[in-house]
Amino acid sequence: MGTWDTGPFDNDTAADFANALDDAEPEAREALIRDVLIRTIDATGYLTEAEEAVAAAALIAAQCPGGEPIDMSYGPETPMPVFPADLRALADEALARIASDENGPASNWVDPEDWKRWRSILTRLRSVLAPAPSSIALFDVQP
């Protein structure tokens, strides 16, 4: 994996995924993203598409409240469609799978500080994709 930084599109594989999204017809982009997330969730053994799944999750998170815009230097140049809400849960599940795989992408980092920054990015993406439930009581029930 050619990696130059810890961002979702800061590696060769994710940059190639961005190019594939740019080359795809607009109506096919959602399917490409959905498919890579599902394949990552369902994968057994080595997560061969983890870098693409992180990039896909970042694209979905960018459309959520609190999401950060994608770095257009390496991310897709064409606008993404508005993603359906169900992709948020798939993206969160794919990131959970990636984060928990000790032999996957987490093991590729040589510098521990890079690993910590990458892990922080995954955590931030997950917090946007599946925000914590509100602590405000919806109903005041009296006995």
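The protein chain in this model has five helices and zero strands. Please keep in mind that the model is predicted. Followed along the sequence, the pattern of the chain reads α-α-α-α-α. The chain has 143 residues, and 41% of them count as buried. Among contacts with a separation of 6 or more, 68% are accounted for by residues 24 or more positions apart.

**How the helices pack**

Two packed helices are described by the angle between their axes and the distance between the axes. Here are those values for two pairs.

| Helix pair | Angle between axes | Distance between axes |
|---|---|---|
| α4 and α5 | about 155 degrees | 9 Å |
| α3 and α4 | roughly 140 degrees | within 9 Å |

Let's begin with helix α4, residues 86–100, and helix α5, residues 112–129, which pack at an angle of about 155 degrees. That angle makes α4 roughly antiparallel to α5, because angles over 145 degrees count that way. The crossing of α4 past α5 is left-handed. On the α4 side, the contact uses R88, A91, D92, L95, A96, I98 and A99, and these meet W118, R119, L122, L125, R126, V128 and L129 of α5. Sorted by type, the residues of this contact comprise 10 nonpolar, no polar and four charged.

Now turn to α3 and α4, whose axes cross at roughly 140 degrees. Here too the crossing is left-handed, with α3 passing α4. From α3 come A50, A53, V54, A57 and I60, while α4 brings L87, R88, A91, A94, L95 and I98. This contact of α3 with α4 divides into 10 nonpolar residues, no polar ones and one charged.

**The nonpolar core**

In soluble globular proteins, nonpolar side chains tend to be buried together. In this model, the largest nonpolar core has 37 residues. Those with the most contacts inside this core are I33, L37, L59, I60, L95, I98 and L129. The elements giving two or more residues to the core are α1 (12–23), α2 (29–42), α3 (50–61), α4 and α5. Helix α3 supplies the largest share, 10 residues.

Leaving aside residues up to four places away in sequence, I60 touches I33, L37, F83, L87, R88, A91 and L129. I60 also belongs to the α3 side of the contact with α4. L95 and I98 are worth a look as well: both are among the α4 residues that meet α5, and both are listed in the contact of α3 with α4.

Notes: Residues are numbered from 1 along each chain as its sequence is written. This is a predicted model: local features need pLDDT of at least 70, side-chain atom pairs count only at pLDDT 80 or more; totals for chains, interfaces and linings use all residues. Side-chain values use heavy atoms; hydrogens and water are left out. Axes are lines fitted to C-alpha atoms, for helices over the stretch in contact, and angles run from 0 to 180 degrees between N-to-C directions. Helices (H or I, at least four residues) and strands (E, at least two) are DSSP runs, numbered from the N terminus. Angles under 35 degrees count as roughly parallel, over 145 as roughly antiparallel, 65 to 115 as roughly perpendicular and the rest as oblique. A crossing is left-handed if the near helix is turned anticlockwise from the far one by less than a right angle, and right-handed if clockwise. Contact means heavy atoms within 4.5 Å. Ala, Val, Leu, Ile, Met, Phe, Trp, Tyr, Cys and Pro count as nonpolar, Asp, Glu, Lys and Arg as charged, and the others, Gly among them, as polar. A nonpolar core is a set of buried Ala, Val, Leu, Ile, Met, Phe, Trp, Tyr and Cys residues joined through side-chain atoms within 4.5 Å. Buried means under 20% relative accessible area, exposed over 50%, partly exposed in between (1.4 Å probe, protein chains only).
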